[in-house]
Amino acid sequence: MFKLLMATMDRVKSSMQQVPNAIPKVIRRTGGANSLELEKENFERGQAVSINKAINTQEVAVKEKHARTCILGTHHEKGAHTFWAAVNRLPLSSNAVLCWKFCHVFHKLLRDGHPNVIKDSMRNKADLTDMSRMWGHLSEGYGKLCSIYLKLLITKMEFHIKNPRFPGNLQMSNRQLDEAGENDVNNFFQLTVEMFDYLECELNLFLGVFSSLDMSRSVSVTAAGQCRLAPLIQVILDSSHLYDYTVKLLFKLHSCLPADTLQGHRDRFQEQFKKLKSLFYRSSNLQYFKRLIQIPQLPENPPNFLRASALSEHISPVVVIPAESSSPESEHMVETDDLVDTDIPSLPAAVETKFDDLFGTSAAIDPFNFNSQNGMRKEDKDRLIEQLTREIQALKEELESFRLESGRLCQVLRGRVSELEAELAEQSHLRLQALGESEFLKAELDDLRRVREDTEKEQRSLTEIEKKAQANEQRYTKLKEKYTELVQSHADLLRKNAEVTRQVTVAQAAQDEVEDVRREMQEKVKAAHEAADRQEREQMEQFQQLQRELVSSRAELDSLKTSVASSQQASSEVLSTQLAALQSEKAELVQSLSKVDAELAAQGEELERVQSSLATERESGVKTAEALQNQLNEKESREQALESQLVAARWSSLQGAVEEAEKIIQDSLARIDDPAHISCTSSADYLASRCQASLDCIDRLHSAGDAFIADNTGVSELLRVVTQCGHLVGDTIVQGSATSHMVPVEQADALSESVKTCGAEALALLGRMKQQDGLAAADDGKLKAVLEAILATAEKLRPRGLELQQGELGDLVEQEMAATSAAVESAAARIEEMLNKSRAVDTGIKMEVNERILASCTELMRAIKELVLSSKHLQRDIVESGRGAASMKEFYAKNSRWTEGLISASKAVGWGATVMVDAADLVVQGKGKFEELMVCSHEIAASTAQLVAASKVKADKDSGNLHRLQQASRGVTQATAAVVASTKSGKSQIEEKDTMDFSSMTLTQIKRQEMDAQVLVLELETRLQKERERLGELRKKHYLLAGVAEGWGDNEEGTG
């Protein structure tokens, strides 16, 4: 018996040793799918709790343990789907503090989360952009900070998408940084620009946070201050890396590119360096950051990129984060059992409890220790054996069920294996397709390389074209400078001509003076000659007299000698006495003769001296006269050269003016052939004024040409007239073509041909004026005839309303008001007809939308009808109170401008009602646009406002009909708003919103789509700007035409 019991106990022991290992495995196999779902549900629940605890409305800093749980969650699921699923349920757009803490947590995930967080978050980029734009409308508080922070996060995501080699925390080695640029200087250049943009967003957030805090108080120790300062830790970490990489990239760029090319990069770096250094310094002084992070200090001066050796002096800034125990938020770590599944099965509690019930607590510890059971009774042993037998049987049955379940699971696993094999085959097929696609992409890459080479060739050709264009521009600039110099030289020549004329006058005066001096000298010389001749004759006469006296004296001496000889015999005393007297007289005569000879010699010398001085003066006078004559001839030749240059300059100026006029007319002819000119319109009155001005200018051109032919010095008037004539004729051509767009086809064709003929005749006239011999033969008769024909056509095309007799205005007012009422009635009938047709054809949402739109249009027509009736009653009161003894037609004729305003307003209301009904018909049929209906509604509101203004301008302010008219006007405004609202509501119900799913696109496809989207955005923005400008010009032209048609510029009548 004891042996049987021992054998039974051995089997129980062996089965008990097997059961604890088998039961958990079978349980896990049977509930495998449910356990995965339960595990996923527990994970999502835990993540949601952590996210809600991290992102809440309390103005305190985010706790590190909650943020760490979110980060571990992204690594667990290898993405951010759970995070965004929880965040999308938060009201981020309604609470600024909530949005600020979301930005902080999201920044941590982008830095330390799984790499797929960035890709998963790009799907929410549009929502983040809209949220940033929405918070940007606030100018202070968390709203402005949220806008700046969201822009930073969007910039960070875009940077990492464009540069996937950069991890979220921006930690890279120098080798990885070189590999990111692919050894291409263009890539390094673009990467530097993107880093500048990235760092600029970081600095903006830095400045925004500091500017929102009161730094005069210890804000870093308050919970609100720490809430704002906490995200700056992530900003400091990013900024230190961006600064380091920017410095290294700039040194690399300076080693490859010229310094002038990188001047913009250096300036931008200098500015960001100053900001970053200041912000790091201010942050390091805050008590909050001293316990959490060690902020590096930047050097005193920025690196000198122009010196390559300065790179060795650069020290990368290192941000040090102390141990977690020093953090004020340090708490117990989250239990790993809540985050990591160890996959170790535990013993089910039911089995342990059942075992304890069988063997007791001590038996559970050592169930086969029978020392304590020796005193057990036989009945107890039998009962225990039976109980164990039943338990063994139950365990066998459970084991059998486990085997059946394991067999079923094996079948399931075999099916799963088959599915996996099929999937493997499919993957092999996909691999083959990928290889084919790879080959195709390689071929496409080769094509792209060829396209790139062609693009580079085109770029080079474009560069050459740009160089040629620059050369042409420089040549044009030089020609312009030469023309300016020519004009300046022309002015200088005119001044020199005046100076030469003055010098010629002075020279002529000097020549006259020289002639006078020469004549005076000749007279003096002649007088000197005459005096010398006269003196010489006198001296000769004196000499001859002295000779005669000498001969007579000698004769007397001879006679005396004879007398002496004859009278020697006289007394010797008398003879001696006479001889002595004669000798003394002879001595006196000899002395007087020597004196006369000396005087004659002196006079001869004086005569020679006078003759030599006279000859010298004659020679100098001749030389002076010759020099003056040469100067005069030289000045005359210079004056002739200057005159010829002046004539050439005048003619070149005239040719330049003529060529400029030709360009103006040619540009006008080219503009009328431009398709964009089709939308331009003009009035016949303005065209007639331009034609008349052109005819007057041509008359003045003829007069100025005749004056220039008669006297070529008067070129200034001709230049002004030629330029003005070119402008006026060109304006006439453009306005004629614009007027042709508003008239019937036959008249438009005739006017267009006349305008083109006018341009051809004007060019022919200017071409003849460019020739010197053709200026006199230039005939402007043909051009005047064409302009007169255009003027006559414009007179015919003038609006009939301007030529109406005053007696017809009264009838026309009644007709227009009746026509407006009829148009409104017809529109209401058509809307009712369309409503009935829509109810019979359409169903569902479309019928609801059509009924709502047509009902609002019906209310608008009813309001317009009431407005027209009120306007009629008010006009009747105005006429009755203002006409006196005159008739109604006489009153309308007296107040013709007011009457024309009523007519125009009535026409606008009737036309607007008709156009709105047509637009509503197309919208109901599904062929029109909702925007057309809204524009028509606004146009009707404007037309009715014009009718109200025209009606009440002469009304009494206390008139009852005036109050009813104003009430009707408000009713029209409300009905118009109802039409617009129903149209917008219907549009939002009918139009489908396309969902943007880019999950299946590759990086190249996304990049290409992004470029296409950017191109489309730029095209649409350009088109929008052009359409807005065109709308403004159309409104200006409409206002001008309306003023011309209604005579707004005429002040013929008062307000009474």
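Leu177, Asp178 and Gly181 of helix α9 touch Asn187, Phe188 and Met195 of helix α10. Sort the residues of this contact by type and you get three nonpolar, two polar and one charged. The model is a predicted one.

How do two packed helices get described? Helix α9 covers residues 174-181, and helix α10 covers residues 185-212. Their axes come within 8 Å and cross at roughly 110°. Angles of 65 to 115 degrees count as roughly perpendicular. Therefore α9 and α10 are roughly perpendicular to each other.

Now look at the loop between α9 and α10, where Asn183 lies. Its phi is near 55°, a positive value in a residue other than glycine. Is Asn183 buried or exposed? Asn183 has 72% relative accessibility, so Asn183 counts as exposed.

Lys78 sits in the loop between α3 (64-77) and α4. With a relative accessible area of 53%, Lys78 is exposed.

Step back to the whole protein. It has 28 helices and zero strands. Of its 1056 residues, 34% count as buried. Take the contacts between residues at least 6 apart in sequence: 80% of them join residues at least 24 apart.

Next come the aromatic rings. A pair of rings is described by the distance of the centres and the angle of the planes. Rings pair if their centres lie within 6.5 Å, and planes over 60 degrees apart count as edge-to-face. The count comes to 18 aromatic pairs. One of them joins Trp84 and Phe106, whose ring centres are 5.2 Å apart. Their planes stand at 75°, so this pair is edge-to-face. Trp84 belongs to helix α4 (residues 81-87), and Phe106 to helix α5 (residues 96-112). The pair therefore ties together parts that are 22 residues apart in sequence. Trp84 and Phe106 are both buried.

Phe269 and Phe305 make another pair. Their ring centres are 5.1 Å apart and their planes meet at 80°, so the pair is edge-to-face. Where do the two residues lie? Phe269 is in helix α13 (residues 263-284), while Phe305 is in the loop between α14 (287-292) and α15 (349-365). They are 36 residues apart, and the pair links distant parts of the chain. Both Phe269 and Phe305 are buried. They also belong to one aromatic cluster, formed by Tyr243, Phe251, Phe269, Phe273 and Phe305.

Which ring lies under the charged end of Arg228? The ring of Tyr142 does, with the charged end 4.4 Å from the ring centre. Phe188 returns as well, as one of the α10 residues that meet α9. Lys252 lies over the face of Phe188, at 5.5 Å from the ring centre.

Finish at Leu550, in helix α16 (residues 378-566). Leu550 has a relative accessible area of 30%. Partly exposed covers the range between under 20% for buried and over 50% for exposed. Leu550 is therefore partly exposed. Leu550 and Lys586 are 36 residues apart along the chain, and their C-alpha atoms are separated by 9.6 Å.

Conventions: Residues are numbered from 1 along each chain as its sequence is written. This is a predicted model: local features need pLDDT of at least 70, side-chain atom pairs count only at pLDDT 80 or more; totals for chains, interfaces and linings use all residues. Side-chain values use heavy atoms; hydrogens and water are left out. Rings of Phe, Tyr and Trp (its six-membered ring) pair if their centres lie within 6.5 Å; planes under 30 degrees apart count as stacked, over 60 as edge-to-face and the rest as tilted. Helices (H or I, at least four residues) and strands (E, at least two) are DSSP runs, numbered from the N terminus. Buried means under 20% relative accessible area, exposed over 50%, partly exposed in between (1.4 Å probe, protein chains only). A charge sits over a ring if NZ of Lys or CZ of Arg is within 6 Å of the ring centre and within 35 degrees of the ring normal. Axes are lines fitted to C-alpha atoms, for helices over the stretch in contact, and angles run from 0 to 180 degrees between N-to-C directions. Angles under 35 degrees count as roughly parallel, over 145 as roughly antiparallel, 65 to 115 as roughly perpendicular and the rest as oblique. Contact means heavy atoms within 4.5 Å. Ala, Val, Leu, Ile, Met, Phe, Trp, Tyr, Cys and Pro count as nonpolar, Asp, Glu, Lys and Arg as charged, and the others, Gly among them, as polar.
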